[in-house]
Amino acid sequence: MAAASSSDSDSGRAESSEASSKWLDAHYDPMANIHTFSACLALADLHGDGEYKLVVGDLGPGGQHPRLKVLKGPTVLTETPLPALPAAAATFLMEQHEPRTPALALASGPCVYVYKNLRPYFKFSLPQLPPNPLELDLWNQAKEMSLPSVPVFLEVSGQFDVEFRLAAACRNGNIYILRRDSRRPKYCIELSAQPVGLVRVHKVLVVGSTQESLHGFTHKGKKLWTVQMPAAILTMSLLEQRSRGLQAVMAGLANGEVRIYHDKALLNVIRTPDAVTSLCFGRYGREDNTLIMTTRGAGLIIKILKRTAVFVEAGGEAGPPPAQAMKLSVPRKTRLYVDQTLREREAGTAMHRTFQTDLYLLRLRAARAYVQALESSLNPVSVTAREPLKLHAVVQGLGPTFKLTLHLQNTSAARPILGLLVCFLYNEVLYALPRAFFKVPLLVPGLSYPLETFVESLNDKGISDIIKVLVLREGQSAPLLSAHINMPVSEGLAAT
């Protein structure tokens with residue numbers, strides 16, 4: 001009975017976890033034998049029948065026997081050998097007449113192969129026949145755009161005929177942003193580590209780095225945010241839910257998680273049996289929102305986003321606190337507030353002039369007081385470069401006898417100071433000191449020297465005064481620095 005109840009509880013937890021998930025598990029094959037990365041995945045309606053297929057540029061086991069695979073659902077529809085390892089796959093429209101079936105472009109080795117109806121149609125390599133004039137203009141402009149390093153990730157936004165921006169993440173750890181009419185990069189983003197992915201989400205460039213972090217930048221190179229990941233980033237891709245107008249970035253991590261972020265806010269976490277090495281989101285078959293993942297062990301995972309799923313920012317990850325969205329109970333405007341507003345509106349110029357006059361007077365008085373303090377050495381830090389000194393005084397005791405400790409420090413870099421004197425100025429009716437004048441020993445740079453003496457309070461009425469401490473140079477009348485010590489009230493005499 002106990003075993004049965006335990007099994008029932010485990011199944012109940014699994015059902016509740018599946019019910020709370022935003023994804024439906026459509027297919028999982030750990031032995032699918034697919035070795036690829038995100039750039040070699042593409043979704044397209046290759047036959048014009050409304051059913052989208054998955055195009056995979058497969059590297060093959062160990063980089064041997066590369067193939068072009070087309071999947072329909074979980075099964076491989078066609079499989080074509082490739083002459084070299086694939087680098088990227090994309091679909092585009094070649095013709096305007098109906099049915100508008102897309103063609104497939106596959107970069108493999110030094111060539112770009114174009115397939116139509118899953119059959120070889122064109123092969124572009126260098127050198128080649130004279131290209132189309134429009135293509136020639138495009139390649140000439142691209143040739144004029146020079147980068148300081150080899151690009152590894154490209155992200156393009158805008159239209160070629162109007163305006164476009166090209167963001168290139170290069171092997172030197174920098175991201176260069178070019179515009180249509182610029183031959184050299186207009187902006188440069190310097191990263192602290194090598195980039196592992198580049199995705200454009202609306203107007204934000206999201207970059208993944210080898211320091212296990214995501215960074216958001218504007219198209220002018222301004223850093224917006226940084227999010228730290230729990231593991232290394234293996235792949236990145238864009239999640240676009242057209243029905244809700246949502247764009248987010250997906251990051252596959254080495255710990256078997258796929259994290260979905262909108263800006264720096266965490267939307268969802270998908271845990272997989274193996275680390276994900278490629279991601280692709282879009283219409284697959286007849287489902288609009290399908291997530292396709294391949295794993296490090298050559299497995300294939302297909303998940304379908306529930307139609308009722310709504311991505312909500314996870315609490316505590318990022319964004320403003322919930323209290324910021326609460327409305328404040330602003331009191332109603334009183335008659336005094338309205339009258340004051342009218343007065344400020346009518347006499348705004350005069351009030352501003354009065355404020356500026358008072359501000360200038362405050363600055364003038366502060367400057368005069370500062371100059372006076374410098375001239376009379378009424379500061380605990382010396383302002384002369386010849387004798388760089390620092391003075392700090394501490395009074396200890398309850399009275400009538402106090403212990404006065406002066407901490408004198410030579411703040412110069414390497415020059416010792418010799419020939420200094422310390423003098424105390426005080427009211428002889430209130431206080432008595434055993435030594436009101438003594439010499440200071442050699443001050444080694446960087447060390448704080450405690451100079452101790454005792455102060456005896458002579459007044460029994462609880463009256464206190466200020467004792468001035470002056471640091472002098474032999475043969476000079478002007479002090480180098482001074483300190484005013486506010487003596488405490490003698491509690492010993494007050495108690496007696």
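Start with the second largest pocket, which has a volume of about 1700 Å³. A pocket here is an open set of points on a 1 Å grid over the protein atoms alone, where a 1.4 Å probe fits, with protein on both sides within 12 Å along at least five of seven lines; lining residues have an atom within 4 Å of a point. The volume is the space filled by probe spheres set on the points.

This is a predicted model, in which local features need pLDDT of at least 70 and side-chain atom pairs count only at pLDDT 80 or more, while totals for chains, interfaces and linings use all residues. Residues are numbered from 1 along each chain, and side-chain values use heavy atoms, without hydrogens and water.

Select Ser38, Ala39, Leu41, Ser237 and Leu238: of the 45 lining residues, these are the closest to the pocket centre. Strands (DSSP E runs of at least two residues, numbered from the N terminus) that each supply at least two lining residues include β2 (41–44), β18 (233–241) and β23 (287–295).

Next, select Leu389, Leu391, Leu406, Leu420, Val422, Phe424 and Leu443. In the largest nonpolar core, of 27 residues, they touch the most other members. Such a core joins buried Ala, Val, Leu, Ile, Met, Phe, Trp, Tyr and Cys residues through side-chain atoms within 4.5 Å; buried means under 20% relative accessible area with a 1.4 Å probe, protein chains only. Strand β26 gives the largest share, 4 residues.

Then show Trp23, Ala248, Leu267 and Leu291, which are among the 18 residues of a second, separate core.

Finally, display everything: the protein has 32 strands, and buried residues make up 37% of its 496 residues.

Notes: Buried < 20%, exposed > 50% of the residue type's maximum accessible area, 1.4 Å probe, protein only.
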